[in-house]
Structure formats: C-alpha cells, structure tokens
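Please keep the model open beside you as you read.

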Amino acid sequence: MQTVKARLIGKTPLSPDTGDFAFEIAEGRFQGLEAGAHVDVHLSDDLVRQYSIWSWSLDGRTLNVAVKREDGGRGGSLAMHALEEGAQVEIGGPRNHFKLGSENRYATLIAGGIGATPLVAMARELLNAGRDFQVIYLVRSKDLAAMDSKFRDLGLDEWYRLHCDDTDGSFDLPALMRSLPVDSDIYTCGPEPMLNAVLDAGTAMRGGTIHFERFSAITDADHGESAGFEIELASNGAVYQVSPQETILEVLKTNGVHVDVGCSEGLCGSCMVDVVEGEIDHRDGILTPEEQATNSYMCTCVSRAKGTRLVLDL
Ligand code: FES
C-alpha cells in the first residue's frame, strides 16, 4: 500500500497509559478520512501498526490517533509512545472496514477501553448528520476512560453515558438490547471479552445489526487444527504448497509474490486478496459474516483453505 510522509506535531496524555498523537502530512492532504477508518503507522521497516482515527482537521492535513501503551504487547505501542514530537513516519491508508451505515436507523455506540477511538469519530459524524443515537462507554474505572473528555467535548448530554465497573457494577447488556428500538444498529469496539458479551447479548435485540471491530487477533485455538493445501496464482498458473505451519502470506513472500502487509493478525485488511476458486476458511477479525459468505476475498495473513486448493487473483 502506498504511504505518505507525515510528522508527529502533537503528543498529549489522555490517561495514565494512553496518549493522543497528532500527525501532519508533509504534502497534500490525507485521503479517505472518515469515521471508522484506521491508518497504518510505519514505525520501522518491519513494525507497522494500525490505529483508528478519532479526529482530523477540515483541510485534511492532520489526523489524530489515540494509543494505549501495552508494556507486555508486541512493541508497536511502546514504539509509538517513544516517538518525539517532530518525528517523521510513513503513514498508509486510511482504510475503512468499520463504516457507519447510511440508513437513518437508531444507532447505539458501545465503546470499551481504547476501542472508543473510532466511536468518537462516529459520534461526531452522527451528530453532524442530525441522526438519533446514544453512546455507552464501558471502562473498569474512571481513570482509564481515556476518551471520556472527547465524547463530552461533543456535547452529547444525555445521549452519552460513561459506565465504570468499579463504582457502577457490571453493565446489563441484555437489558440495553431489550430497550433498543426495533431494527436499530449497534457499533461496538473494545476488548475481546466485551465484544463477545455484546455479540452474545445481541440475541435480545428486536432486529437490527451489530457492527463491530476487533483489535486483538482470533487465536488459532479458536479454529482448531490447520491442514496444508495448495494455492495457484490465476495470472501465471504457478502453484505453491502451504504447510499447516505456514500462512498464505508467508508462502507468497517466500516466492517473491508481493502482497501488502500490515498487522499480520487478520485485523487490518492490508493483505486482502481476491479468490477465484476454492472455499475459504476465514480466520480474520474484520470481515462481516456477510462478507465472508461471499467467498470472494480473504486475508492471506491468517485465513486458509477449507479444501485442498485455492486459486488467487494474483
Ligand atoms: S496484514 Fe492485516 S489483515 Fe492481513
């Protein structure tokens, strides 16, 4: 994916472990700035991380991401927090796999922890569009509510609720679902347990759709055993074997076939490739069940073949 040069022009603490990072593009303007979108921040040659945009300037020259420092993480957040103001980085995207629907249905935004970032942008867009919605921000304690001030700055009043487990007890998701208007939308992003709880409680909704974005990978344990299979490139008929221990992306790279790479965890969509033939075993965390059911594209970093062969549009 094409990248642009950008400079870190602001770094502001939002909570004890979370900071806001403002980047300014070196030339021109960022394209595709919209609620739900994320960017790839290239922190070094082999360290690329995806962060949702929560704000941007009207002239498209600056954008903001919020990043939680994960001391036991894979290094991306520590590298971000180590950036000094003035640092130059390459930025890819924005790309959006978590778009707001255009239908004027009642929307409930359920944010958990740092997963609140895309939902701040969505709340702003819904507000500007004059749509009916509410925001519920679930955190363990108030000091961890890094995006609380950003929601409050929007002036949402009674449309916004911060719920802190330590003072408010556990949140009653099924009761919320039952209270929603018929055929409404839920947009949710947060830690995996919260996301799963929202999806489970969704059975109590009276119609409607849950749109969600994961930011932690689905583990292999969730998918059971992996088998080997072969891939064929539609353009030249080349065939490569993918062993149970390898990913399609790794095999393509080994054989000199270029595919964009981002998270390598099935969370960003950088490595998406069209599939011409064969049944896909989807293992990503971004495609909706409807998108997966089309069986027409896949994340090559994690997804595999259900059968013995896939033909890729490469
Ligand atoms: S590299 Fe991010 S989904 Fe594959």
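Two residues count as in contact if their C-beta atoms, placed from the backbone, lie within 7 Å. By that rule, 68% of the chain's contacts with a separation of 6 or more join residues 24 or more positions apart.

A word on the ground rules. The model is predicted, so to speak of local features a pLDDT of at least 70 is needed and side-chain atom pairs count only at pLDDT 80 or more, while totals for chains, interfaces and linings use all residues. Residue numbers start from 1 along each chain as its sequence is written.

**The whole chain**

The chain holds 8 helices and 18 strands; these are DSSP runs, numbered from the N terminus, with helices being H or I of at least four residues and strands E of at least two. Its C-alpha atoms fill a box of roughly 60 × 50 × 35 Å along the principal axes. The radius of gyration is 20 Å, which agrees with the value near 20 Å for a compact globule of 314 residues; it is taken over C-alpha atoms, and the globule rule is 2.2 Å times the number of residues to the power 0.38. Of the 314 residues, 39% are buried, that is, 20 or more other C-beta atoms (placed from the backbone) lie within 10 Å of their own.

**The parallel sheet**

An open sheet of 5 strands runs in the order β9-β8-β7-β10-β11, with parallel pairing. Its edges are β9 (160-164) and β11 (208-213); each has a single partner strand, so one side of each is left without a neighbour in the sheet. From one strand to the next, the twist averages 15 degrees.

| Pair | Bridges | One bridge |
|---|---|---|
| β7 and β8 | 6 bridges | Ala111 with Tyr137 |
| β7 and β10 | 5 bridges | Leu109 with Tyr187 |
| β10 and β11 | 6 bridges | Cys189 with Glu213 |

How many of the residues of β7 are buried? The count is 6 of 6. Ala107, Leu109 and Ala111 are buried on one side, and Thr108, Ile110 and Gly112 on the other. In a regular strand, side chains alternate between the two faces of the sheet.

Helix α2 (residues 117-128) lies across β7, β8, β10 and β11, at about 155 degrees to β7; axes are lines fitted to C-alpha atoms, for helices over the stretch in contact, and angles run from 0 to 180 degrees between N-to-C directions. Together, β7, α2 and β8 form a right-handed β-α-β unit: with the strands pointing away from the viewer, the path from the first strand over the helix to the second runs clockwise.

Terms used:
Buried ≥ 20, exposed ≤ 12 C-beta atoms within 10 Å, placed from the backbone. Pairing = 2+ DSSP bridges.
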